[in-house]
Amino acid sequence: EKVDESYGFNSTVKAIIDYTNDNFTKDISLDLLADEFHLNKHYMCQVFKQTTGTTIHRYIISRRLARAKILLHQGHSVTSVSEMCGFQNYTNFIRTFKQHFQMSPKQFANKK
């Protein structure tokens, strides 16, 4: 079943999602997004949340974590996965991964 990701055709939100999907491995700040799309930061966050039901920050984190799971399964080291997925530091990656999946990236990688 194909999920409609156009989010009620809010073109701004769709553009933000496309941009974050293409750039989630880089450091993406709300200020950068607001500049990129010529929007007021608070307005942008509000519209994104109303449209998707989640925050921009949470969306980016989920994209990073989804990619991290794939890379860990492919046998990449936890350190390199942390960097490849755009986490600013290793400790933050471990903490975030544990919060979402109730296990460390290493435990996840070792579980077949």
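A pocket is here an open set of points, on a 1 Å grid over the protein atoms alone, where a 1.4 Å probe fits, with protein on both sides within 12 Å along at least five of seven lines; its lining residues have an atom within 4 Å of a point. The model is predicted, so that local features need pLDDT of at least 70 and side-chain atom pairs count only at pLDDT 80 or more, while totals for linings use all residues. Residues are numbered from 1 along each chain as its sequence is written, and side-chain values use heavy atoms, without hydrogens and water.

The lining of the largest pocket comprises 14 residues, and Ile 28, His 57, Ile 60, Ile 61 and Arg 64 lie nearest the pocket centre. Two or more lining residues come from each of helix H4 (56–73) and helix H6 (90–101), helices being DSSP runs of H or I with at least four residues, numbered from the N terminus. H4 gives the largest share, five residues.

A nonpolar core is a set of buried Ala, Val, Leu, Ile, Met, Phe, Trp, Tyr and Cys residues joined through side-chain atoms within 4.5 Å, where buried means under 20% relative accessible area (1.4 Å probe, protein chains only). The largest such core has 14 residues, and Leu 72, Val 81, Phe 93 and Phe 97 have the most contacts inside it. H4, helix H5 (78–84), H6 and helix H7 (105–110) each give two or more residues to this core; the largest share, five residues, is from H4.

Beyond its neighbours within four places in sequence, Leu 72 is in contact (heavy atoms within 4.5 Å) with residues including Val 81, Phe 97 and Phe 108. Another core, of 13 residues, lies apart from the largest one and includes Ile 17, Ile 28, Leu 33 and Ile 60.

Technical notes: Buried < 20%, exposed > 50% of the residue type's maximum accessible area, 1.4 Å probe, protein only.
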